[in-house]
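Reader: I've got the model open and want to see how the labels follow from the numbers. Can we go through a few of them?

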Amino acid sequence: DKRAAYWYGEAVKANDPLAQYALARLYDSDRLGPPNPVEATRLYKMAADQNNVLAQYRYALALANARGVAGNAEQAVQWMTRAAEGGLDEAQLALGDMLVGGIAGQPDLGKGVGWYGKAAQQGLPLAQVKYGTAFFTGAGVERDLPAAFGWLHRAAMQGQSDAMYLVGVFLAGGVGVERNPVEAYKWMVLAERNVVARAASVRAAMTKQLTPAQYEIMRNHGTE
């Protein structure tokens, strides 16, 4: 790592944004010794100024969390917006959180949920959960239960544990989808295996509602 840091440092002297970002990541970790957030953030800023979206994302986080630089919520939103507009899914999710949370002023649910949607469309599981939840609650978007289930199901299919739990709940109650106790039970078992604390008690309650035939299906699929 120290040898890599040397060569990155040489490239930094030539103002190479990729080297600036790579060296910043090393300083941000313990791979060169104790983390050096001040130097990391300085290098993130150099690369961010050259439109490196990953550096823009990291610099925005540093500003939001006052890590290696004085905290500045407004600038954090500005830099996160640049990274999000550059297409970085994690920045789109983070910008959604910033806008929904109103870290630099009044919350803007509509815009925040819109950014969740952009990240969700890129396949980011946590964004899909937040986007689906917005459709369920009607916060920042018109309430749409089938859309809520659809986005939660996408996240669950990628192994997102909270989505697994919610898909189970939706299927059990027929929320936005046809009621299916067997599929609901299956997803609740998967959520329980992924250490969703509340899944075990819900799954136990579901067991009592399954018919003998339905329970036998679950046994045959190894999810009893």
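This is a predicted model: local features need pLDDT of at least 70, side-chain atom pairs count only at pLDDT 80 or more; totals for chains, interfaces and linings use all residues.

Author: Residues are numbered from 1 along each chain as its sequence is written, and side-chain values use heavy atoms, with hydrogens and water left out.

Reader: Which residues of H8 make the contact with H9?

Author: Among them are Pro125, Gln128, Val129 and Tyr131, while the H9 side includes Leu145, Trp151 and Ala155. Contact means heavy atoms within 4.5 Å.

Reader: How do you know that the length of H8 is close to what's expected?

Author: H8 (residues 125-137) has 13 residues and spans 18 Å from its first C-alpha to its last. The expected span is 1.5 Å times one less than the number of residues, and for H8 that comes to 18 Å. Helices themselves are DSSP runs (H or I, at least four residues), numbered from the N terminus.

Reader: Why is Gln160 called buried?

Author: Gln160 has 15% relative accessibility, and buried means under 20% relative accessible area, with exposed over 50% and partly exposed in between (1.4 Å probe, protein chains only). So Gln160 counts as buried. Gln160 is found in the loop between H9 (145-157) and H10 (161-173), and beyond its neighbours within four places in sequence it is in contact with Pro125, Leu126, Val129 and Ala155.

Reader: And what does the side chain of Gln160 reach?

Author: The side chain of Gln160 reaches the backbone nitrogen of Asp162 at 3.0 Å and that of Ala163 at 2.9 Å.

Reader: Is Thr41 buried or exposed?

Author: Thr41, in helix H3 (residues 37-48), counts as buried, because its relative accessibility is 5%. A polar atom of the Thr41 side chain lies 2.8 Å from the backbone oxygen of Pro37, and one lies 3.0 Å from the backbone oxygen of Arg67.

Definitions and conventions: Helices (H or I, at least four residues) and strands (E, at least two) are DSSP runs, numbered from the N terminus. A polar contact is a pair of N or O atoms within 3.5 Å; within protein, one must be able to donate a hydrogen and the other to accept it, and residues adjacent in sequence count only if both atoms are side-chain atoms.
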